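Here is a short report on a two-chain model.

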Amino acid sequence: MITAQPYTPKEIMTIMAAREIKNGDIVFSGTGISMLAAMAAKNINAPESVIFFETGAIDSLLEELPFAVADPRIMYWAASNSRLTDSFATMQNKITGEKVIAILGAAQIDINGNLNTTCIGDYFSPEIRFSGSGGGCDVASFVPRCIAFMQHEKRKFVKKLDYLTSPGQLGGSNSRREAGLRPGGVSAVVTNLGVMRFDKDSGRMYLDKFYPGITPEKILENTEFKMDVSKATQADPPTKTELKILREDCDPQRLILGR
Amino acid sequence: MTNHLNKVMPLKQAIEQYVKNGSHISIGGFTLNRNPMAAVYEIIRQNIKDLHLYAHSNGTGLDELIGAGCISKLEIAYAGNGKAAPTCIRFARSIQNNEILFEDYSNYMMSLRFMAGAMGVPFLPTLSGLGSDILTKWGFSRSMRKSDPKIADKKLAVIDNPFGDWAEASKVVLVPAINPDITIIHVQKADAMGTCSIKGLSFADIEQVKASKNVIVTCEKLVKKEELRQNPDLNQIPFIHVSAVCHVPMGGYPTAVYGHYDYDSKYLRKFAIAAKDQNKNQDKFKKYQDKYIYGVKDHEAFLAIVGQKRIDAIKADPRTGYSVNMKRD
């Protein structure tokens, strides 16, 4: 039994992701909960972080929550409205790229933090086809830190991806470097149950934090691969201040947090 | 491409002249923003088939074209249409049912491919995608690549950095240039010669235009040359790249055009619901297409059916460039 918490799973996920963002970070954001996490970080712990969209808008004034990375809401009061070739160059270029942290979603993740946003089943004749890489593969290839936002389910935390869209640690150990990629890819996985990170040497995912009311066993039950949980501790729950700012300043209409 | 002073023509004529069965095509915009929708609907009405579409992130236009059976080959990074369809519905179905040939790239790769085409070089390098299935899974066979002069012999190539480990890279991915037969974009302002001024994000429109053999521009406002020449810094596309200019107010509808109107989330949802039609005879989807595409003679007639009420609801606020507090479902 999970005892009732004074916050919803979406709220704790958003706060956990926001805590990953440091002051001065450039946050590559998608829409939905990832954008809310970027906004929460800016309002709570990283006031000088900058929200950045792959479409080319930098530091937009988000008076309304955008529903797409091409939403006209991101074009208002931006420092600059540029274009795709510029925005990806900003991430591929180490000078600015080192400061970028990305928040990504995926249909599947494996033990090495590789992501699938392309399909379920055979690539050429899939059972389910998804939208595809977009800028996901690019940012996971380029920048040192990425947060994966996932629902923690066995069918999503899989032994083998149906398609490797966005590179994490590839086969683990040195394989990312051997493939020619710089250090980077998914560095934290934030789910509705806990926060996972990656061992520096093996490149394998381990459980870092489980949420109050959740056990490591429950997390293992919802993960297809075997994961080290020996270092896991309980996460500090969202504080009253964090929740107040998230609810009152970031999503007062609960467009993303829901009712 | 000509440099004559007046390239203005009706959209119907421009599509007839420049978009043919089998054309390699790209359309401007990004997911639900600044798609050249009037042109997309005209292509569908003219029943042009077997198109080869190049896309970074496409949405509304792509899914209407696939839904109408206009596309047989697709090179793409992303197909989504905002909240209404996080994955484009007809796109997904056409792949699941093996109805089109397709190949996946990333957004940066596709943008670089257009840029390479615009630059006149055979490829550009990137560090994106090393170790991913984007490198290993090819949608077009080698024999098909060999037989079609418009398709590069390889999807992409990985080489060792010829400069050693200069710039801290041991390997690079080379992505081949794209030179579409035709690119169609929708912009806020153009003049009769084809010079364009885009407001807000330009996505990859500039590279797409400059890579293309022919370019059709549709515009919200057809303005005098003097108006654009007073502020050349605001013009992203000079007339030398443009073949035809078509004045089509609300030509991006139902996608957003910054400073003019928002996306119509109600319409996009209506399209998504129709596109989800699972019925074998496709009654619902056909009804949608008959009403909004085949049953109207042009974009103006389409907008008349949509109605003034929707058009007023999405009108952009002059301060922010979008429709403030618009109900978005």
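Chain B meets chain A through 53 of its residues, and chain A answers with 44. Contact here means that C-beta atoms, placed from the backbone, lie within 7 Å. This is a predicted model: local features need pLDDT of at least 70, side-chain atom pairs count only at pLDDT 80 or more, and totals for chains, interfaces and linings use all residues. Residues are numbered from 1 along each chain as its sequence is written, while chains are lettered from A and ligands numbered from 1 in the order in which they are written.

On the chain B side, the elements giving two or more residues are β5 (78–79), α4 (89–96), α5 (107–119), α6 (133–136) and α8 (205–211) of chain B. Helices (H or I, at least four residues) and strands (E, at least two) are DSSP runs, numbered from the N terminus. The largest share, four residues, comes from α5(B). By class, this side of chain B holds 22 nonpolar, 22 polar and nine charged residues. Ala, Val, Leu, Ile, Met, Phe, Trp, Tyr, Cys and Pro count as nonpolar, Asp, Glu, Lys and Arg as charged, and the others, Gly among them, as polar.

**A sheet in chain B**

Helix α5(B) also lies across β7 and β9 of chain B, and runs at about 145° to β7(B). Axes are lines fitted to C-alpha atoms, for helices over the stretch in contact, and angles run from 0 to 180 degrees between N-to-C directions. These strands belong to an open, antiparallel sheet of three strands, in the order β7-β9-β8 (chain B). Strands β7 (123–126) and β8 (157–160) of chain B are at the edges with a single partner strand each, so one side of each has no neighbour in the sheet. The twist averages 35° from one strand to the next. Four bridges link β8(B) to β9 (residues 171–176) of chain B. B:V158 has B:V173 of β9(B) as its bridge partner.

**Strand pairs in chain A**

Two strands pair if DSSP finds at least two bridges between them. Strands of a sheet pair through backbone hydrogen bonds, either parallel or antiparallel.

| Strands | Sense | Bridges | A facing pair |
|---|---|---|---|
| β1(A) (26–28) and β5(A) | parallel | three | A:V27 and A:I101 |
| β5(A) and β10(A) (145–150) | parallel | five | A:I103 and A:I147 |
| β12(A) (194–198) and β13(A) (205–210) | antiparallel | five | A:F198 and A:M205 |
| β13(A) and β14(A) (233–234) | parallel | two | A:K209 and A:T233 |

Strand β5 (residues 100–105) of chain A is mostly covered, with five of its six residues buried. A residue is buried if 20 or more other C-beta atoms, placed from the backbone, lie within 10 Å of its own, exposed if 12 or fewer, and partly exposed in between. The hairpin of β12(A) and β13(A) has six residues between its strands, and there A:G203 takes a positive phi near 70°.

**Helix α2 of chain A**

Eleven of the twelve residues of α2(A) are buried. They pack against α1 (9–20), β1, β2 (50–52), β5, β10 and α8 of chain A. The axes of α2 (residues 33–44) and α8 (residues 240–250) of chain A come within 10 Å and cross at roughly 115°. From α2(A), the contact uses A:L36, A:M39, A:A40, A:N43 and A:I44; from α8(A), A:E242, A:I245, A:L246, A:D249 and A:C250. These residues divide into seven nonpolar, one polar and two charged.

How enclosed is α2 (residues 37–45) of chain B? Seven of its nine residues are buried, so α2(B) is largely enclosed by the rest of the structure. Among them are B:A38, B:Y41 and B:E42. After α2(B) comes B:N47, with a positive phi near 60°.

B:A38 lies 8.1 Å from B:M250, C-alpha to C-alpha, though 212 residues separate them in sequence. B:M250 sits in the loop between β13 (244–247) and α10 (265–275) of chain B. B:M250 counts as buried because it has 20 C-beta neighbours inside 10 Å. Leaving aside residues up to four places away in sequence, B:M250 touches B:Y261 and B:L303.

How values were computed. Contact = placed C-beta atoms within 7 Å.
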